[in-house]
Amino acid sequence: MNCQEVVAAELNNTSLAQLIPKSKILVVGAGGIGCEILKNLCLSGFQDVEIIDLDTIDVSNLNRQFLFRKEHVGKPKAVVARESVMTFTSNMKIKAYHDSIFNQEYGINFFKRFKLVLNALDNRSARNHVNRMCLAADVPLVESGTAGYSGQVELIKKGLTQCYECQPKPQQRSFPGCTIRNTPSEPVHCIVWAKHLFNQLFGEDDPDQDVSPDTEDPELKKDGEFSTTHTGDVQRKSTRQWAEEINYEPEKLFNKFFKDDINYLLSMENLWKTRKAPTPLSWEESHLCVSNISEEDISTSIDMRILSLQKCAEIFSDTVTTLKKQLVNRKFLVWDKDDKPAMDFVAACANIRAHIFSIPQKSRFAVKSIAGNIIPAIATANALIAGLVVLYAFRVLKNELNKCPTIYLRQKSVYSKVLLAADNSLQSPNPNCYVCSSKPVVDVFVNVFKMTLNEFENEILKNTLNMVAPDAILDGKGVVVISSEEGETQINNNKKLNEVGIIDGSILKVDDFLQNYELTVNINHYEAKEKDDPPFKFVANPSDLKTKQENGVNNGVNVSTDSYTTQQSSDDDDVVTCTTEDYDYEASSSKRRKMNPPEDEDDLIIVEDVIN
Amino acid sequence: MDGLTEKRYERQIQLWGVQGQTSLRNSKVCLINADATGTEALKNLILAGVGSFTIVDDTTVKEVDYGNNFFIAEGKLDHSRAECTYELLQELNPEVTGNFISEGVLTILKTEPTFFDKFSLVIGANLTERILQYVGRDLWDKNIPLILVFAYGMIAYVRIVHALHTVVQGHVDNLPHDFQCDAPFPALKKLITTTDLDSLDSTQLRDVPYLLIILFYLKKWLELHSGRPPETRIEKDEFKKLIQEGGKKFSEGNEVNFEEAFSFAFYAWRRSEIPSNVLEVFRHPCCDSLTKKSDTFWFLARAVRDFTFYDNNGRLPLRGVLPDMTAGTANYSQLLLLYQQEAVKHASMVSARVHNLLLRCGLPEDYIDDEEIKTICENSATLKCFEGTSLQHEEARLDDFNVQPAEVFSWYFCLKAARFFQRRYGHSPGTGTSNYLGDLLTLKSCLAEVLNEMKSNRKIEDEYLIELCRFGASEIHSVAACASGIAAQEGIKVLTRQFYPLNNALIVDTVTGQAVSFRV
């Protein structure tokens, strides 16, 4: 008996038995959920599957991604997943792509080839992109994700259900540079700073990772202008250059980062009017800080202990020496949480800085969890969610779309008795969605005198609105201001928005050919005033905008202090972002559950459990 | 644990810690029935890093196995299913050892009644009524946990059968902080007496952790109210006002630490009581009747109990951890140090009691290591024991059944009826004749018998039974995968003794996407 007969015939559903083998399925992602889905498809009789993943296999995948073994570490996930499944079955055709789904090759026509797309992704921007591709190609999409013990499965079908972007997701926020460089207030700020310090000293040059005092902190403005004493950054040469000149002498490095720079910060008096000022720490002083809270407590493993400053300084000195040696004959080092000296360096520096700013110190274990973006991920939740994904696939094939309401796997079943809860019906599309509505509109708030067109394209259209290759036309004037054709609008790149005629009230018609996505962007002039104001904002739904402005709420940029999400993207796994978590799954009623769709393993971190 | 091992498991150590991982590594798991449900559950446990596994299965590979079992290689028709699945499962994790026995479990038990003694967990996948009753009784008597898992058509059922399960680390969310404001220990009392926030300037005040602010104003309050903490709503508001006034020293509104003190002011009148789950543990007969054979948990629980009532005025050992507070490092460290030192003191007193108890039972002092003692002291508020229900006594608690949604729960009776049917007629309902509805009437009478036996007057509509016949006991891989995910998760909780496990049954209806747990 064939698999599809087992599944379908025993359920007396012959139509399904005929549909399964001839349906072409795309699985996006070959990680925790992807491996499970691929196996479930294989054992359900699917015979024509394609799988795409950009990643290669890491040791830390092996506790759940069961298609991979130790000897596969470093190899492409999609390819190995295919090979592993093929050893079990010969009557299934699997095509593997070791590639990014953002690649232009995977356009609308690629997606149209499939009967159904199953997402098994680990980050929001790829989810947004596949969402748009499926909407454009009008192919049903089953979206899923897990985070630790919780998870979710939902069907997305154009015009019938909400799309992935219909409900605003909790805003992710990277910390403003000045918080990291000038006024840290949480352990995570110090950890991000310490990683930047590592890169400044040993890593690849990245001007966005400056660690020295930031003199352009908006708080330093007096009457809207920077006072004349602060011009330019403190350093005139690069940190790296300077470190090489002093031959990475630990004492000098220490005094610069933890004494001189702090003294410089203290001279920016405006910063300390309403907050506690930092206390500079010299190399000599650090050696006097012997007394410690838990160092004597040897029953705790060293990774769990909070080390004394003296110990931290010692580690700083040792690791700088080791890392300097590693740097010989190499252009730069790449920070890796599993590289002991690199990790020790970051833990020590983060804790010294935390001390200086009266921020609670953290054990090496806790620092590693945060710095290395280690998010809990387990086989069991993935197995459950992937099982449901494939059961939904059956229903989609049978065209029983109305039988696919969103299912939530709840984190704590013990208290409520409900482990899985489903919506009572499909959620209809948001008529004002800035992605799937018929005339999508978004309001963008930017400083039109400061932001360049290049920044607008990258920061807003690509990073925030998730477009891949946008073209933008200034409405009314018909001027192409941004073009996806190489070089066509390059001349505009460094111009400020107002210089090309984009001002408050302007309307841009933006078109992404790949995503087959047209968006009207209303431009609003906006200036960041408060310290933690984002440099720009956007509001997806103009009617939301109204109510929000009335309430004086800032575009939902609510930043909670006790939970973070970290977004891992290939170019910068460093951007630690915050979000408010709302795991309110009370009752399995038809009421809309206001929950944050759990992202897959690599997207969501609830640091609370880790730090405290 | 070496670096590679640690890295392999880092994403789960986040959840259950190195101790949990060590418990898993020391565990031995037995799987009865290597069908799709069974192998998927075992797969999840092997990936998680259990110590070893044993597969018990006397069947041979059939065509149907190829249809739903991932762990059977091609060309193995008619081979031992135990052996085939063992071969592929043992490749999953080089750190896990495994073996298999191609015999029926009843045969094994007949020749070797102590067969199960060596296992820390037994998983039974889609067992027939006859086998599960027999195995269930054997394991119940030995207090070895049994997890039954079924994938039946579109329905999954998971049931934990374990006479007595104990948990140390409950990982309870939102556990109140252990500040002991209502009865500060001597060192803390001394700190409170010597603290005078009124004499500090605003820079110094900014450095004071909120806990000390609360304690300081509580001291003032108690002096004014003849030692009585704030009790009424009005008094509580007054107390909070004191804190607010104290923070007004700052020119520009309250400082963060005073804001924190204000919002955590309730700790001033919060009584440190022993939670009911801990009292249940303390009152358990096992706590009183320690013998050489007692589980280490009971030595620890007894020592904690004796410490609590004889040494510590009815208070549990101090946890010795403080949450983050906005404060100067020195002040915070000093406060934390006091709590830590006191906690170390408590742990060493508990430790002395543990050693004493062990000696009295003729066991060596190092029978329980210090790490375990420390863990139980830190987690004494989440101790919990679960008294299970044996398979024979499922009917006894019928009155408790109040499961919502009720439809999901009907499946519990239906599955029971299906097993009853299979035991009596030798085949599963829906598979007897070419028309699956041929068994419907017989099944209906089986259900009536089951309900009668369980003294239930529950009405179950025919559509459930029709569905059941339609399922024909088919094991759909994706349903099996869901069921096994849950079963393995519960297995990990049981093995690590962390997190409170399912208590004690759960139905998953994959048609409606609902899963509800209940206690039978």
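Contact here means heavy atoms within 4.5 Å. In the predicted model, A:Ser358 meets this criterion with A:Lys276 and, in the other chain, with B:Ala327, B:Gly328 and B:Thr329, when residues up to four places away in sequence are not counted. A:Ser358 is found in the loop between helices H13 and H14 (364–371) of chain A. With a relative accessible area of 12%, A:Ser358 falls under the 20% limit and is therefore classed as buried.

Chain A has 612 residues, of which 60% count as buried. Its secondary structure comprises 19 helices and 19 strands. When contacts in chain A between residues at least 6 apart in sequence are considered, 67% of them join residues at least 24 apart.

The interface between the two chains was then examined. Chain B contributes 80 residues to the contact, and chain A contributes 78 residues. The size of an interface is often given as the accessible area lost when the parts come together. For chain B and chain A this buried area is about 6,900 Å², with 56% of it on carbon and sulfur atoms. Of the area that chain B buries against chain A, 13% is supplied by B:Arg11, B:Gln14 and B:Phe70, more than by any other three residues.

Polar and charged pairs also cross the interface. There are 17 residue pairs in polar contact between chain B and chain A, both residues being at pLDDT 80 or more. Helix H1 (residues 3–25) of chain B provides twelve residues, the largest share of the side of chain B that touches chain A. By residue class, that side of chain B consists of 36 nonpolar, 23 polar and 21 charged residues. Eight salt bridges are counted between chain B and chain A.

Side chains of opposite charge can pair when their charged atoms come close. Over all chains, the whole structure holds 56 salt bridges. In one within chain A, A:Glu50 pairs with A:Arg113, and the closest N and O atoms are 2.7 Å apart.

A salt bridge between the chains is formed by B:Glu10 and A:Lys337, with an N to O distance of 3.2 Å. Because B:Glu10 lies in helix H1 of chain B and A:Lys337 in the loop between helix H12 (309–327) and helix H13 (340–356) of chain A, the pair joins two chains. B:Glu10 and A:Lys337 are both buried. Through salt bridges that share partners, these two residues are part of one network with A:Asp58, A:Asp338, A:Lys368 and B:Lys7. In chain B, the side chains of B:Arg305 and B:Asp306 form another salt bridge, at 3.8 Å from N to O. Both of these residues are buried as well.

Two further local features of chain B are described. Helix H2 of chain B (residues 36–48) has 13 residues and spans 18 Å from its first C-alpha to its last, close to the 18 Å expected at 1.5 Å a residue. An α-helix has 3.6 residues a turn, so residues three or four places apart point the same way. In H2(B), 13 of the 13 residues are buried, and the helix is described as mostly covered. B:Gly49 follows H2(B) and has a positive phi, near 100 degrees.

B:Gln392 is partly exposed, with a relative accessible area of 24%. Leaving aside neighbours within four places in sequence, B:Gln392 is in contact with B:Gln133 and B:Arg137. With B:Gln133, the side chain of B:Gln392 makes a polar contact of 2.8 Å. B:Glu112 is 280 residues from B:Gln392 along the chain, and the C-alpha atoms of the two are 23 Å apart.

Terms used
Residues are numbered from 1 along each chain as its sequence is written. Chains are lettered from A and ligands numbered from 1 in the order in which they are written. This is a predicted model: local features need pLDDT of at least 70, side-chain atom pairs count only at pLDDT 80 or more; totals for chains, interfaces and linings use all residues. Side-chain values use heavy atoms; hydrogens and water are left out. Helices (H or I, at least four residues) and strands (E, at least two) are DSSP runs, numbered from the N terminus. The expected span of a helix is 1.5 Å times one less than its number of residues. Buried means under 20% relative accessible area, exposed over 50%, partly exposed in between (1.4 Å probe, protein chains only). Buried area is the accessible area (1.4 Å probe) that two parts lose on being put together, summed over both. A salt bridge is a side-chain nitrogen of Lys or Arg within 4 Å of a carboxyl oxygen of Asp or Glu. A polar contact is a pair of N or O atoms within 3.5 Å; within protein, one must be able to donate a hydrogen and the other to accept it, and residues adjacent in sequence count only if both atoms are side-chain atoms. Ala, Val, Leu, Ile, Met, Phe, Trp, Tyr, Cys and Pro count as nonpolar, Asp, Glu, Lys and Arg as charged, and the others, Gly among them, as polar.
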